[in-house]
Amino acid sequence: MQLFYRGYPRLNCFSHTYKEVRPNTIADVKVDASFRRIPKNAICFHVWKIDEDRLEAEPKSQYGTFLDDCAYIIYAAAPVGSYVNQDTITREVKPSVNLERFIHFWLGEKVSEQKRSNVAHKIQELDSYFSNVAVEYRETQNNESARFLSYFKRGLTIKCGLLVTSSDPNRLYQVYGRKWLRCIEMKSIAWEHFGADYVMLLATANHFYVWIGRSSSSIERRNAIDLANKWQTDPSKITIVDDGYEQSMPDKCKNEWNTFLPLSQRAVCQNSPAIEKPICNKLKIYKCCYRNNRLHLDQLDVVIPTREDFSDSTTAYVLDGFSQGVWLWVGSQATQQDKTSAMGNGRAFVKKKKYPYSTPVIRVIEGHEPSEFIRLFPSWHSESNDMHMKPISTILGKFDSMTLCQRPKMAAETQLIDDGTGERKIYRITKDQVIEMPTTKAVYFNTHNAYVIQYTVVSWSMNPNDSESVGIKHIIYQWNGSEASADITSKAEKFATNLFESINSKSIYIQMGEYDETPHFLQMFEGKLIILLSEKDIPIIQSNNNNNTIITNGHEEKDTLILKVYGDSTYNAKAVEVYPLVSMSSKECYVVKSQHVWVWCGQSSTGDARELAKNVGALLGESSLALEGKEPKEFWRSVTNLMNQSLILNGLNQSHNSLNTSNGGSSSMGSPSPINSNGSVTGNTQYLTSPSTKTPRFQAQLFAVWTLRNKFFCEEILGYDQTDLSPECAYILDAGIISYVWLGKNVSTYEKDKYLSMAQNYLETVPIARRPTTAIGVIRQQDEPNVFKGFFDNWNTNLWNSYVNYEQTRQILSKGSPSLTNGNGVAPLNGENGKLPPSILNNQKDFDRHQKYPIAILQQEIDLLPEEINPLKREVHLTHDDFVSLFNMSFYQFDELPAWKKQELKKKHKLF
């Protein structure tokens, strides 16, 4: 039966008694003895395995290793805001220490219904032991949460349960994962498990083979070789086999390989199934209500969820994040039944919505919400949020550059690299030209244009230690006006990136849009940035007998102007033209220029905001102060034509008695204009009061990001530190007001060139939708500024000095193992010391980047070819081995032939 409420469709109801528990499960007994051994007030990390009807505590040496036919329970406890992992040593703390508790139950792909039932029952025991306040996560193989993965820094090894008792020593493993390495044991040794995106490990009784898929990343290859060295300590028994170069193996290795994986049956999947999470920026909230002993879900009519939506502490709410997971928020005053049945109800919700089996389900208790849940709410205000966030400095005004050098955490919190007094060059980007702007006290931007600023950091001129702490010498800013055309912003981006690339080192590039300026960007102008709306000529201030006069093209500027002054300090202030003025707030300040310059300040505006407004007013000429409720007649007469007729001024309903006398009376509340036809001010001027808002703190998040076959992927890293940044990867550090793209020195060419595209893709995929104009910063490895390093504890500038990348790792291994294939080792191709010349090697690598297909597929008619194949370039989709077997030469040799000869050979082999 379809139910409805208040015009909104309701989900079909489901019984509140649903549990993921089945008959014949572990009996409902007291808390298991294994759980009771855990001190209640301790920082710790424990893992248990559900094996049939038994609960077994896993030894530490097995942490991170799982069987695909078993279920596991993981318990983690740490002080709020801290993280534990598999290496954590249990230590008791005082009862006053506030601990976060997390319970995860992990289900392997082949886990039985019986074990799923048993684990569901056991987590209730563990949860009750800790008074039902722990956060519970339902995890499934290959779909683990970021918090679960953060426990296993060295990656996960998933073993096949069917082979546990097998005496056969030969095994095949599939290895992948940019950040969290996953090594999965296959149930059989067969080509069907091979994919171009993977690294495969073939372990035989006598040898160890590392097969490198052509689409795998360098970090996956490096980590796979490290894993091979860990399992096989004799490098002479390790052979690296490149995708498509299997025939190049030494005969002895090739013969053994053929016994397990016959090359005549070679078939490698070119598009390995990658786990893609659908984009979902819209979260839905349902309130749980019981009617007639059945659970009903009432959907709340909300656009952006807020903390206030969870108004009833006696019940539970469902937060539907789709691919991000289904959250069950249970009020602190809810019944014990609600708390224990929440996970079961969450699974029932997933089934009712027909979401994938792997959809994460998480239960949280009011007052114990984790950071992952809190950040789904941009305006979350609670004591628990404050405990998760580090306090930001409340100092207003300028920050000292030396202090920001010595305190990177303060620099990161405030996003101030220095005090903004460094040298700057400003370029105005129009449709037709790039114009370097003159240096003036006031800086005028036009919302129809874009601007590029080259800034020299102040602290770089200090002593070497301070320069190293700041990290950079130059900043390239790109500011796009809200009305700037795509052509202009594209031209500005090209100009800015060229500047960034030409500087080459000790620089960062920051792109932002109007309304999304960063603190340091505004600090450069010290509150004197003025943004104009129209394409009219930008005013230039010239001095004449100590009086400031605004000149445009040599003529006195007579246009009226009204500016709204934002901010209360030099690092968050700017003045923006508004016309017509439709509302004013008691907390706001305005600068009005007509025949005279007025500075209007609301009654509730701060002293700092008023000072900034006065400074802006002084830039436009001699100014007068007009306080809300005490405005002189001249003020109203001069601003009448600038105000919308429906304007109602903000504040207390104050009566201008002195002005009423001249008016002879007062108008009624809500008069269309505060000025009568004779130019006098009405008796009652009504002010709208804007609600007080608190700017929420944002906890910075780190993501590993990459693209694969033109699709964007990202993986969050919880509890991150500097060691989580690999030189062979790209990352995004989301600091709220700005997202930094960090590029490792060995990152792929594509990611080096497409860093802005990756950042934009990230902004589109985060759970809470972000504006596309959110500031983006681009940072290169070893050029990290203090505003970035401050997010990491104990930043070590020398950390990567001894880093060994994939190519170096492979070379080191080759010294002990002559059995390497492809042009990177002792290949059957001519080259000094077994290596190809660089030009040839690059040519060969270009060939290897293409997807590979069997000869029979490439010889088909054009309409039968896979869509990614260019019919005129079929030969590049052959593997190296197939290419040599057909053409009797390698691709790089073929590529050197005359065009007519290449065409003739392709026709001969039906590839044209």
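Start by selecting F45, Y63, F66, Y72, W106, F148, Y151 and F152: together they make up one aromatic cluster. Rings of Phe, Tyr and Trp (its six-membered ring) pair if their centres lie within 6.5 Å; planes under 30 degrees apart are stacked, over 60 edge-to-face, and the rest tilted.

A quick note before you click on: this is a predicted model, where local features need pLDDT of at least 70 and side-chain atom pairs count only at pLDDT 80 or more, while totals for chains, interfaces and linings use all residues. Residues are numbered from 1 along each chain as its sequence is written, and side-chain values use heavy atoms, leaving out hydrogens and water.

The structure has 57 aromatic pairs. Pick F102 and Y137 next: this pair is tilted, 6.3 Å centre to centre with 45 degrees between the planes. F102 sits in strand β8 (residues 99–107) and Y137 in strand β9 (residues 135–140), 35 residues apart, so the pair links distant parts of the chain. (Strands are DSSP runs of E, at least two residues; helices are runs of H or I, at least four; both are numbered from the N terminus.)

Is F102 buried or exposed? F102 counts as buried because its relative accessibility is 4%. Buried means under 20% relative accessible area, exposed over 50%, partly exposed in between (1.4 Å probe, protein chains only). Y137 is buried too, at 3%.

Now jump to W742 and W800, a tilted pair at 5.5 Å centre to centre and 40 degrees between the planes. Both are buried.

Last stop: select R780, which lies over the face of F500, 3.9 Å from the ring centre.

How values were computed:
A charge sits over a ring if NZ of Lys or CZ of Arg is within 6 Å of the ring centre and within 35 degrees of the ring normal.
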